[in-house]
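Reader: I'm new to this one. Can we walk through it together, piece by piece?
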Amino acid sequence: WKMDKVQQTGTFQLPPIVEHYYEFCVWLLPKVSKFAKDQKYILGVRLQNNALDALEYILDAALSNKSQKRPHIEKSILKLEHVRFALRLSLQQKMINAKSYAYGSEQILKVSKMLGAWKKATKSW
């Protein structure tokens, strides 16, 4: 993926990780809205905020020039770990079921691998 690639619509072509993580957030946010009231405003808000922060950092990395990508990628990795643990707490607090946890964990793992590869690639720039 290169920043200078432009689609016919005139918008930047974003790397696949952006769309993949965006779809994870689309899946996650309605789950959090169904949390029990006592957890929705504690664990749910933290989970949502961390998930959306990670999305912002991934977008920042995608839209930054080569020399500025790495710090955004590193922030994304850190926020994604926060999401991973909040999702685990959500399972233990019975806010989500095991099937949802398995799906969410799988998506987080895929994004983590993409971020790791992206971070590794920045070493050679």
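Reader: Which residues is Ile58 in contact with, leaving aside neighbours within four places in sequence?
Author: Ile17, Val18, Tyr21, Ser76, Val111, Leu115 and Trp118. Contact means heavy atoms within 4.5 Å. This is a predicted model: local features need pLDDT of at least 70, side-chain atom pairs count only at pLDDT 80 or more, and totals for chains, interfaces and linings use all residues. Residues are numbered from 1 along each chain as its sequence is written, and side-chain values use heavy atoms, with hydrogens and water left out.
Reader: Where is the place of Ile58?
Author: In helix 2. Helices are DSSP runs (H or I, at least four residues), numbered from the N terminus.
Reader: Is Ile58 buried or exposed?
Author: Ile58 counts as buried because its relative accessibility is 1%. Buried means under 20% relative accessible area, exposed over 50%, partly exposed in between (1.4 Å probe, protein chains only).
Reader: What separates the C-alpha atoms of Ile58 and Ile73?
Author: 6.4 Å, with the two residues 15 apart along the chain.
Reader: New topic. How many residues has the largest nonpolar core?
Author: It has 28, and Tyr21, Phe24, Leu28, Ile58, Leu115 and Trp118 have the most contacts inside it. Such a core is a set of buried Ala, Val, Leu, Ile, Met, Phe, Trp, Tyr and Cys residues joined through side-chain atoms within 4.5 Å.
Reader: Which elements give two or more residues to this core?
Author: Helix 1 (16–33), helix 2 (37–63), helix 3 (66–92) and helix 4 (98–122).
Reader: And Leu109, where is that found?
Author: In helix 4. Leu109 counts as partly exposed, because its relative accessibility is 41%.
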